[in-house]
Amino acid sequence: MAHDTAHGHDDHGHHAPPTGIVRWLSTTNHKDIGSLYLWFALIMLFAAGTMALLIRAELFQPGLQLTNPDFFNQLTTMHGLIMIFGVIMPAFSGFANWQVPLMLGAPDMAFPRMNNWAFWILPVAAILLMSSFFLPGGAVAGGWTMYPPLFIQGGISYDLTILAVHIMGLSSIMGSINIITTILNMRAPGLTLMKMPLFVWTWLITAYLLIATMPVLAGAVTMLLTDRNFGTHFFNAAGGGDPVMFQHIFWFFAHPEVYILILPAFGIVSQVIPTFARKPLFGYASMVYATASIAILSFIVWAHHMFTVGMPAAAQLFFMFSTMLIAVPTGVKVFNWVATMWKGSMTFETPMLFAIAFVCLFTIGGFSGLVLAIAPVDIQLHDTYYVVAHFHYVLVSGALFSIFAGIYYWLPKWTGHMYNETLGKWHFWLSVIGMNIVFFPMHFLGLAGMPRRIPDYALQFTEFNQIATVGAFIFGFSQLIFLIVVLKAIKGGEKATTRVWEGAEGLEWTVPSPAPYHTFETAPVVK
Amino acid sequence: MKRSVWQTAGLAMVVSQGAWAEYAYNLQTPASKVAEDVFQLHNLIMLVCLGIFVVVFGAMFYSLIKHRKSVGHQAAHFHENTTVEIIWTVIPFVILMGMAYPAAKVVIDMKDTSNPDLTIKVTGYQWKWGYDYLNEGVSIYSNLSTPRDQIEGKAAKGEHYLLEVDEPVVVPVGKRVRLLITANDVLHAWWVPALGAKQDAIPGFIRDSWFKADKIGTYRGQCVELCGKDHGFMPIVVEVVSEADFAAWVAKKKGAATTAAADNGKTFDQAELISRGESVYAANCAACHQANGMGVPGAFPAISGSKVATGPIADHIGIVLNGRPGTAMSAFGVQLSDADIAAVVSYQRNAWANKLGDAAQPADVAALRGGAAATPVDAAAPASPLPVAVNFAVGAKTLDQAAQDALNATAAYLKDNASARVDISGFTDKTGDPVKNAELAKLRAFAVRDALLAAGVTEDRVNLKKPENITGSAENFDARRVEVRLAN
């Protein structure tokens, strides 16, 4: 080597990153990619949230006012697909990218280039999905569950949706491989598996769920694609197929998917509550085992989404009992969180408020889940607004609130500035009040017999629909406060300390705020 | 007792107590035992959930108030306790076992569809319901009857807005009604909350459900499986009447069917056809193709100015009869009579921009029935419809519309192929007395033979094979059949 060692070292490790758009397109840095995921999720949140407000505006009163039935179905379908694949999943991937290396004391993810690719195919999928609104026949309108034969009937946007789902699945699989490899191989010396922060544990288990189920979804939608275009009859009885087979395959993917959408939320909340209770997480080991139990059980409960397809009594009983069992590990988690708060020394900054709301409201979603696990009651409530209320309690006050908690919690570490606590509290209270006004009345609507996915309804459902719509606009517009809080924290504000929170524990709180572009180039030692 | 506790709890949650009577906040008042069981089960589980919620979150909120830094509480440092953790794993498990037992009993009861007093085949269409009373021989279609003006806000909404139909399902009170539920095009789901019966309707498969209504009255429900554009506009109305009223209703419907059948043999003038066709169009076609015939671009093609509606009339009738596979255009040949199809085709060819001036007669439709219609009349001879299996309801030996269609196609084929002859074999399923089954198989074969003779086939071209009751299929519906094959 002609040049001296110091120069050589510079050449290998520390190119100044390119600037402008090229920096973001070519980045292999886990923090950049984490930010990209989170911004992508935020943009999609506003897109799919706008669709939700259109849905609620149409449902403000009986009759058709703003939409026609076909466009209404496009809105409900796209709202569901984007919120799941474009908001919650990418947001959790963003957290994983930012936090997993920081929490493990690793310099970056295991496969940085694949990491870049896993993110950048996501906007392609989003464009395929969203652009279909402008195609002849409009966007996909067959429900996010894509049930044939209805899904076979649609136009070109249905093929684009299948393609988009393939791409998003590919992205998730690449992300999961990256996360698993990072967690299993790149932990700091001394950081054994049972010492890992719970957020890392929940993501490790989530990544396995993704790898196990995403190919199943890909298979199901590929069969849809060939049924649509190449004359196969996987789901057509006239050709020897079975439409119900699609539902079995789909829910074999989609029930574990439900836990993909909630396990990282459990992880975030398990980081936040001990910090603000100033007390270690109660029952760490049982939390890990409960997470794993939920993941394993998720593979044997899928047909509880299908109690009305006409299964034999024995199958109904099996899926009812297995579904009820999930309440046990989920209950353990809730008890552990409450026990963590018990005899703590609590303060109530915005992350803690969202985490407490999570525990309380997610449990309401858990209880309505238990009600729906009882097959005869489910048969009465299936495909009604009760189900809509249930899954929004677990996905909005569950997954989304945990994301808010996580953002407020780690934003000072990411930006180097404290967020505005007053605005944060406004965001919290408006969100939690708005969210309950939207979704609580939906329980009553479902019980009284209002089917889901209808653009117009009978007169006895009017009052609760009006209340829900008012709540939706409160909830929707209060998210603009969140946007302002984030932008303000990026621009400036009170300097964050290294520790940020008095009770914070873990390796991410040992690096300066904002976290430097490269961290843990020398692995820390955990005792 | 349980219900009143829950009502009190529900009342507390209702936002405006003054208007509380208008807020339906619980399951509908049950009108059958299954619905009542579900109601009680739901109350039980709600009470258990409420109890757990109060205990767990009572503890949490106590902690939130007492164990905060601002009141000077110092954090304890415990982080596990095996005994406590075992207790709160075991207790929920025991509670769940307590819930599982009553739930399982209801599941088994709901699945028991045996010994029905009345069997109705329910078919979901985009977007209406069809009902065939298998033993009474009555068939009806049930369409939303709420006027368009109410939906579009041009008229005041009626009391049963979106929950009213032109032809309700009528059933006798206190009788076990078994529903055989299927669909014609996409998934639908049949649900009447007060009767506690909900079952997905799956094209190509038959699933069953049952109810026994306790009280005379009108019970309303809706399709609950997303089935496309007008999913929200295909309600279900069940009229529960006394046994005498039910018998009278059946007689009336049979009379109406005879009148409709007589129409198929008539010839109408063009004006009659067009005016009749306009109402057929409004009930069956306008949902997709729109009242102005312009369709919805990219989703549903226009009829005004279309190639089909301005092309050869036989092709036009063929599309209406047989539909377009893989699209929302269903085969209306199974839903509408020859006279109605002739009328709607005549209307479409003379409405909007289509001023063709021609008309179709019921006889033209009849001539095109049976699978050959999509091909123009002067093209190649129709493909053989044989072999064909005609299915029967339990114990029945009468032919339904599908069977009649298949046999008409067979007769048409025999007419075109003067040398062809057919063998007819009757079958029953395995259940029941073998001697009676053998007799039933024979009677079924006779019914098929008589239908072929009635359709103009001469007796020398039909061979009756020995009666059989051996079945080749596990599905009883498939087993109850008569097979018609080409003779060697």
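Student: What is the mean pLDDT of chain A, and what percentage of its residues reach 70 or more?

Tutor: This is a predicted model, in which local features need pLDDT of at least 70 and side-chain atom pairs count only at pLDDT 80 or more, while totals for chains, interfaces and linings use all residues. Residues are numbered from 1 along each chain as its sequence is written, and chains are lettered from A and ligands numbered from 1 in the order in which they are written. The pLDDT is the predictor's confidence in each residue, from 0 to 100; for chain A the mean is 94, with 97% of the residues at 70 or more. Over residues 1-13 of chain A, however, the pLDDT is below 50, and this stretch has 2 contacts beyond near neighbours in sequence, a contact being two residues whose C-beta atoms, placed from the backbone, lie within 7 Å. Where pLDDT is low, the predicted coordinates should not be read in detail.

Student: At what angle do helices H3 and H5 of chain A pack, and how far apart are their axes?

Tutor: Two packed helices are described by the angle between their axes and the distance between the axes. Helix H3 (residues 30-58) and helix H5 (residues 112-131) of chain A make an angle of about 15 degrees, and their axes are 9 Å apart; the axes are lines fitted to C-alpha atoms over the stretch in contact, and angles run from 0 to 180 degrees between N-to-C directions. H3(A) and H5(A) are therefore roughly parallel, a term for angles under 35 degrees. Among the residues that meet are Phe40(A) and Met44(A) in H3(A), and Phe119(A) and Leu122(A) in H5(A).

Student: Which strands make up the open sheet of chain B, and in what order?

Tutor: Strands of a sheet pair through backbone hydrogen bonds, either parallel or antiparallel. In chain B, an open sheet of 3 strands has the order E4-E10-E9, with mixed pairing; helices (H or I, at least four residues) and strands (E, at least two) are DSSP runs numbered from the N terminus, and two strands pair if DSSP finds at least two bridges between them. Strands E4 (169-172) and E9 (217-222) of chain B are at the edges with a single partner strand each, so one side of each has no neighbour in the sheet. The twist from one strand to the next averages 25 degrees. E9(B) pairs with strand E10 (residues 235-241) of chain B in the antiparallel sense over 6 bridges, and Arg220(B) has Val237(B) in E10(B) as its bridge partner.

Student: How many residues does each chain bring to the contact?

Tutor: Chain A brings 83 residues and chain B brings 84 residues.

How values were computed. Angles under 35 degrees count as roughly parallel, over 145 as roughly antiparallel, 65 to 115 as roughly perpendicular and the rest as oblique.
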